[in-house]
Amino acid sequence: MELTLLGTGAPAGLPRPDCPCAACATALGADVRAATALLVDGALLLDLTPGAAFAAARAGKSLGGVRQVLLSHPHDGPAVEVPAGLPAPGRVPDGRELALLTGHRVRALAMDAGGTGYAVTGPDGQRLLYLPPGSAPAGVEDGDVGTYDMVVADVMGRPDALARLRAVGAIRPTTDVIAVHLDHDVPPGAELRRRLASLGARAVPDGTTLVVGAYEEVPDVPRRTLVLGGARSGKSVEAERRLEAFPDVLYVATGGLRGGDAEWAARVALHRERRPGSWRTTETCDLVPLLAEDGAPLLIDCLSLWLTDAMDSVGAWDDAVWADGGERALRERVRQLTSAVRAARRTVVAVSNEVGSGIVPATASGRRYRDELGRLNAAFASECEHVLLVVAGQAVTLRG
């Protein structure tokens with residue numbers, strides 16, 4: 001089954017008309033995107049958008065063989081004229097299946113935010129899922145949705161849609177996930193590609209033709225990632241963003257509850273409000289057993305608090321204890337942790353503070369902590385495929 005993306009942008013396109021934002025200003029060349037529309041095997045058109053016939057011609061295709069035009073969502077822009085020769089656009093009621101003379105079968109799926117999703121099965125059995133902007137499938141947990149070879153969806157706007165589909169096995173490691181309905185919420189170019197890759201998805205330019213089931217194009221999601229950054233740099237948000245398209249994430253909070261500390265409680269509450277409802281949370285600094293287990297992805301926030309607990313446990317703040325075995329004990333704790341990271345088979349995203357670029361601490365204990373955190377970060381990073389430094393909310397790739 002062959003799929004041509006006539007457009008990959010949001011309903012208003014990218015750049016948006018008359019929008020002065022930085023993302024729109026830098027959306028040039030291949031990053032210019034018309035409203036999303038899909039041409040399947042030259043016979044099925046999913047969403048009719050302005051200029052669809054010209055877009056098809058630029059891609060070396062024709063709409064002359066289209067036998068069915070289906071709409072996934074209301075079009076909020078200017079009225080779209082139906083090109084001569086095309087059948088009138090329509091929508092399939094949720095749950096109903098449409099059989100085309102070309103051998104394609106199209107099943108309409110209910111969405112949680114309006115619109116209609118379409119599951120298309122080709123004559124040779126390949127399966128394609130197309131979702132409208134701002135929507136995720138509703139009720140997939142209660143039915144057998146099968147496995148898709150390709151999913152075309154609003155990945156940046158609704159990453160939780162991928163989490164729902166992964167939870168029921170509809171998206172497998174071999175599924176090619178294509179991001180469409182791309183808007184100006186994320187800077188185009190390298191930043192967009194980086195964020196999509198972390199979710200197991202990719203974007204392609206308008207006019208691209210894809211073969212459904214081409215596994216070699218599926219991006220690899222890094223198994224181990226370390227996210228570094230200063231205070232309030234956005235490092236935790238970046239780490240959470242990397243896993244928001246995956247179900248059953250285990251959030252490992254190493255900071256403890258700190259009973260009676262209202263400011264700390266407010267920080268914890270803010271973090272919890274950001275997390276998807278399907279994520280689980282555990283409060284522990286015992287990371288080695290968790291890393292040794294198979295299971296859902298781990299998000300560890302953060303290593304700097306883990307180090308505080310480890311230094312407390314070996315008496316690192318007492319010079320005499322530190323010299324009489326405390327330093328050796330801490331080195332062993334760090335070695336055990338990094339060895340567990342190296343052997344981990346589950347996806348791991350860890351957060352840590354980068355404190356080495358700031359003011360030199362005024363106390364010996366502060367300097368000791370700074371030095372040990374630098375060593376821990378370096379040791380942990382050496383075991384990760386992907387290392388990021390977050391500065392002012394912007395992620396800079398150091399490795400991977």
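Which loop holds Gly95? It is the loop between strands β4 (68-70) and β5 (97-99).

This is a predicted model: local features need pLDDT of at least 70, side-chain atom pairs count only at pLDDT 80 or more, and totals for chains, interfaces and linings use all residues. Residues are numbered from 1 along each chain as its sequence is written, and side-chain values use heavy atoms, with hydrogens and water left out.

**View 1. Gly95 in the β4-β5 loop.**
Gly95 is partly exposed, at a relative accessible area of 45%. Here buried means under 20% relative accessible area, exposed means over 50%, and partly exposed is in between (1.4 Å probe, protein chains only). Beyond neighbours within four places in sequence, Gly95 contacts Arg107 and Ala108; a contact is heavy atoms within 4.5 Å. Asp112 is 17 residues from Gly95 along the chain, and 14 Å separates their C-alpha atoms.

**View 2. The whole protein chain.**
The chain carries 10 helices and 18 strands. Both are DSSP runs numbered from the N terminus: helices are H or I with at least four residues, strands are E with at least two. Its C-alpha atoms fill a box of roughly 85 × 45 × 40 Å along the principal axes. Of its 400 residues, 48% are buried. Among contacts with a separation of 6 or more, 67% join residues 24 or more positions apart. The chain exposes about 18000 Å², and carbon and sulfur atoms supply 52% of that area. Areas are Shrake-Rupley values with a 1.4 Å probe; for residues, only the protein chains shown count as cover. There are 42 positive and 49 negative side chains, and the centres of the two sets lie 2 Å apart. Lys and Arg count as positive, Asp and Glu as negative; His and the chain ends are not counted. Each charge is placed at NZ of Lys, CZ of Arg, CG of Asp or CD of Glu.

**View 3. The largest cavity and its lining.**
How many cavities of 30 Å³ or more does the structure hold? It holds 1. The largest cavity has a volume of about 40 Å³. Its lining consists of Ser198, Val221, Pro222, Thr225, Arg242, Leu243, Thr347 and Val349. On a 1 Å grid over the protein atoms alone, a cavity is a set of points where a 1.4 Å probe fits but cannot get out, and lining residues have an atom within 4 Å of a point. Points are joined across faces, edges and corners, and the volume is the space filled by probe spheres set on them.

**View 4. Helix α3 and the strands it packs against.**
Helix α3 spans residues 159-167. Its buried residues are Pro159, Ala161, Leu162, Ala163, Leu165 and Arg166. They pack against β8 (127-130), β9 (150-153) and β10 (176-179). Gly169 follows α3 and has a positive phi, near 80°. Arg172 is found in the loop between α3 and β10. Is Arg172 buried or partly exposed? At 45% relative accessibility, Arg172 is partly exposed.

**View 5. Glu238 in helix α5.**
Helix α5 covers residues 235-243. Glu238 counts as buried because its relative accessible area is 4%. Setting aside residues up to four places away in sequence, Glu238 touches Arg194, Val227, Leu388, Val390 and Ala395. Arg195 is 43 residues from Glu238 along the chain, and their C-alpha atoms are 9.3 Å apart.

Most residues other than glycine have a negative phi, and most peptide bonds are trans.
- Leu14 and Pro15 are joined by a cis peptide bond, with omega about 5°. Pro15 sits in the loop between β1 (2-7) and α1 (22-25).
- Asp301 and Cys302 are also joined in cis, with omega about 10°. Cys302 lies in the loop between β15 (298-301) and α8 (303-313).
- Asp41, not a glycine, has a positive phi near 55°. Asp41 occupies the loop between β2 (37-40) and β3 (44-46). Its relative accessible area is 32%, so Asp41 is partly exposed.
- Ala392 has a positive phi of about 55° and is not a glycine. Its place is the loop between β17 (386-391) and β18 (394-399). Ala392 is exposed, at 66% relative accessible area.

Technical notes: 1 Å grid on protein atoms, 1.4 Å probe; cavity = no way out; pocket = protein on both sides within 12 Å on 5 of 7 lines; lining within 4 Å.
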